[in-house]
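Me: I'm new to this structure. Could you take a close look at one part of it, and then show me how some of the helices are arranged?

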Amino acid sequence: MNVQRPVAPAVRTTCPYCGVGCGVLATPDGVGGAAIAGDPEHPANFGRLCSKGLALGETLALETRLLHPMERGSDGDYRRVDWDTALDRVANGFRSIVERHGPDAVAFYLSGQLLTEDYYVANKLMKGFIGSANVDTNSRLCMASSVAGHRRAFGADTVPCNYEDIDEADLIVLVGSNAAWCHPILFQRMVRNRTERGAKLIVIDPRRTSTAEEADLFLPVEPGMDTVLFSGLLVHLAEKAVLDFDYIGRHTSGFEEALLRALEIAPGIAAVAAKTGLAVSDIERFYSLFRDTRRVLTCFSQGVNQSAQGTDKANAIINCHLATGRIGKTGAGPFSLTGQPNAMGGREVGGLANQLAAHMGFSPVEVDRVGRFWNARAMATGEGLKAVDMFDAIGRGKIKALWVMATNPAVSLPRAAAVRAATAGLELFVISENVRTNDTVNCGAHFLLPAAAWGEKDGTVTNSERRISRQRAFLPAPGDAKPDWWIVSEVGRRMGFADAFPYASAADIFREHAALSAFENNGTRDFDIGGLAALSNSAFDALKPTLWPFRAEGAKPTARFFSKGGFFTANGKARFVAPELPALREGTSEHFPLRLNTGRVRDQWHTMTRTGLSPRLGAHRPEPFVEVNAADARRAGLAEGGFARVQTAHGAVILRVKIAEAQRAGSVFVPIHWSDVTASSARVGDLVAPNTDPFSGQPESKATPASIEPVPFEYRAILILRRDAVLARDHWWSRVAFEDGTGYLIATNDPLEKWRERAPHFFEPRAEMAEYLDERRGVLRLAAFLHGRLEGCLFMGREELTSQWDMARSFLAADAIDANERRLFLSGRSHEGMVNCGPLVCACFGVGMTAILNAIESGAEDVEAVGKALQAGTNCGSCRPELKRIIAHERDRVADPV
Ligand code: SF4
């Protein structure tokens with residue numbers, strides 16, 4: 001008889017990666033995993049998910065989880081303690097340091113991965129009860145310049161656009177945004193608008209990204225010169241008399257000063273061309289398209305924000321929208337795309353050191369208001385230290401206690417090596433985490449507190465368009481893991497503030513947060529969700545994705561911000577801002593002649609603590625790399641596929657070389673994701689200068705002066721293991737997750753013999769070893785078999801071992817390997833029927849290069865035809881630019897085989 005297991009109902013939740021905030025349907029499988037699909041009812045994605053979202057089910061295993069509170073002993077070893085012990089000691093530690101050194105001797109460093117409720121209680125504890133504003137977040141590295149730009153222009157951190165504007169715009173200008181990879185679902189909405197409505201797409205970026213490949217016009221602007229381009233646009237709009245003087249006069253101030261400054265920065269198109277490195281004809285086309293299109297949406301992200309003049313860049317963009325009245329109207333406005341899933345929620349509760357709560361600042365009136373609402377014991381009265389300054393203060397011994405929650409600053413902050421060194425001097429170092437190891441955990445915190453992970457957490461997040469969505473738990477929290485809000489509240493209670501942290505659920509916190517947003521608001525503040533302050537527990541549980549503002553019943557609803565003015569400045573008018581003269585903070589030099597640009601790749605997220613667990617996501621870019629322009633590569637003596645040391649005044653890494661046409665001369669690109677856990681030498685944060693924007697405190701992560709030189713390795717190796725191993729850092733390696741184990745891509749100068757001696761230590765001692773050695777040709781193949789299966793292997797040679805990587809993976813997955821197959825394996829050849837997929841191109845459907853080339857050879861002439869044959873590119877679409885490149889390359893190759 002066929003007995004069917006009951007299927008648990010799908011739980012509606014939200015993707016924990018980027019700021020698009022896609023709705024997810026998670027269906028638990030009953031054994032700790034879940035099937036993942038897009039939520040067709042969520043207005044951010046209407047059922048679609050990108051490759052990262054689709055692979056969430058591969059990241060739920062518990063092997064890497066921190067499951068119990070741990071305390072580090074004087075011998076440096078961690079011992080498990082119970083929650084009461086850990087919480088008492090953490091609370092006593094903070095209290096004692098505050099008593100001895102004052103409240104500013106302690107700090108919290110939070111994360112855009114936290115839920116709004118986690119953020120709310122952490123902020124409340126520090127700013128209302130400890131008495132310091134030293135709470136900052138990794139969102140400082142992501143979009144703080146947009147926040148500062150909004151506050152300068154609008155008087156509040158208001159994002160004036162919605163996602164529908166993406167569908168309704170006639171011109172979409174993307175500035176410093178590789179949305180095709182970093183906001184794939186939104187980008188596909190832009191592409192659909194272009195295909196179906198004929199919207200034009202302009203991309204402004206120093207690098208020809210996958211996004212740029214879809215553009216009608218690509219403007220490869222000189223790094224740091226965006227303000228010149230937009231100042232020139234303001235001048236052009238004034239010259240062509242297309243300004244909206246009615247809007248300017250009624251709803252703004254400071255226009256003349258801003259225009260005069262724009263004229264100083266960009267007196268004419270020739271000057272703009274000289275400073276931006278753009279062709280005059282391209283600039284003219286951009287300006288005329290902007291001028292002649294009423295529905296213009298300018299979307300910007302990290303290329304604008306991660307700059308020592310990021311706030312000015314944001315304001316230069318906003319100035320053009322204010323001057324034309326193209327704000328607060330359908331399909332028009334300046335639209336900051338946030339990087340993280342809950343950067344916006346963090347902003348709402350005041351997770352940044354220069355904000356208080358509910359979009360309030362530190363004016364005496366606001367401090368008093370929040371203090372009364374919280375019944376605070378010790379209100380912070382001024383701004384705290386922003387991320388870079390916070391870790392400097394830790395290094396100087398000024399801050400003596402630090403609590404890091406859900407982030408990995410030892411990888412992601414500028415001068416990351418100095419960050420690691422700074423934490424060594426802390427009197428109290430606490431980390432709430434869900435992973436047992438990452439570079440920050442490995443710094444040696446005094447307490448590790450196990451936090452619930454995505455899938456186990458309950459609360460809310462806010463996406464880029466101000467839409468609040470529920471994250472709902474669909475798995476039980478394992479071990480002793482607890483929600484972050486619970487951990488913080490318990491510490492607050494034990495510090496003597498029990499009455500202020502009485503929460504029994506995320507819903508309790510959300511109600512208080514919503515009530516604070518409406519408290520003495522009366523329309524004076526943008527963030528008002530008072531209409532949600534009285535939600536019952538069941539209504540909170542059922543809460544549908546909701547745009548704010550969501551005012552209390554009876555209050556006037558706001559359809560759109562700013563269509564008729566109504567800014568949050570003292571006089572209700574928006575402020576034009578006159579930007580500083582654009583310049584990068586540091587010049588290049590003889591020693592460091594290049595610019596180091598950093599950013600994301602398509603299938604990884606932040607420091608890979610979650611995406612690094614997914615074999616599918618690891619297959620697209622399995623190793624850390626540096627993209628170099630061909631001329632720079634020639635000058636430096638670099639070869640495609642070789643290795644290079646990228647160095648700045650702050651540190652060095654060794655990376656695989658990719659010579660890329662897309663990379664502009666004079667600049668190299670390195671992804672941010674790899675850490676000491678996933679690679680031998682690839683932590684790019686070590687190299688980034690700590691230059692920050694004077695208004696936002698955001699570091700200039702894309703322009704550090706750098707040098708590059710080749711690093712020779714005699715051998716390439718692959719090491720494939722059913723269980724993991726520890727590799728020394730005197731070889732180059734990159735670690736990749738497999739379905740059935742772990743793989744290492746290795747480059748080394750150690751001779752074969754040394755690796756031969758070393759190899760048995762990698763494998764299960766009972767395994768039967770077999771080897772093939774040809775010293776003359778420099779080939780070693782060594783395999784370990786146990787119970788008729790491959791336990792692991794080490795292959796070395798002087799050539800790349802790409803095809804053997806795929807082959808070994810396939811052997812590792814095989815249930816049984818017979819004697820003939822063993823022989824084949826050791827000879828470096830695949831077994832019968834094994835398909836070498838080649839590098840992964842479409843992560844959504846797991847389609848590799850081999851299948852794509854076969855489809856093209858069989859007559860597929862465009863992306864649609866490849867999609868029809870293989871499904872590749874038909875889901876999130878983020879591989880479509882790559883598919884186009886492959887098809888064009890094959891077409892050229894066939895046309896000109898030489
Ligand atoms: Fe997640 Fe991708 Fe949607 Fe971003 S675009 S929220 S990463 S599924």
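Reply: **A loop residue and some helices**

Leaving aside neighbours within four places in sequence, N521 is in contact (heavy atoms within 4.5 Å) with F527 and D528. Bear in mind that this is a predicted model, in which local features need pLDDT of at least 70 and side-chain atom pairs count only at pLDDT 80 or more, while totals for chains, interfaces and linings use all residues. Residues are numbered from 1 along each chain as its sequence is written, and side-chain values use heavy atoms, with hydrogens and water left out.

You can find N521 in the loop between helix 21 (506-518) and helix 22 (537-542); helices are DSSP runs of H or I with at least four residues, numbered from the N terminus. N521 has 1% relative accessibility, so it counts as buried (under 20% relative accessible area; exposed is over 50%, partly exposed in between, with a 1.4 Å probe and protein chains only). From N521 to Q113 there are 408 residues in sequence and 28 Å in space, C-alpha to C-alpha.

Now for the helices. The axes of helix 8 (residues 226-239) and helix 14 (residues 310-323) come within 8 Å and cross at roughly 15°; axes are lines fitted to C-alpha atoms over the stretch in contact, with angles from 0 to 180 degrees between N-to-C directions. Helix 8 and helix 14 are therefore roughly parallel (angles under 35 degrees). Among the residues making the contact are F230 and L234 of helix 8 and A316 and C320 of helix 14.

Lastly, in helix 12, I283, F286, Y287, L289 and F290 are buried.

Key: Helices (H or I, at least four residues) and strands (E, at least two) are DSSP runs, numbered from the N terminus. Angles under 35 degrees count as roughly parallel, over 145 as roughly antiparallel, 65 to 115 as roughly perpendicular and the rest as oblique.
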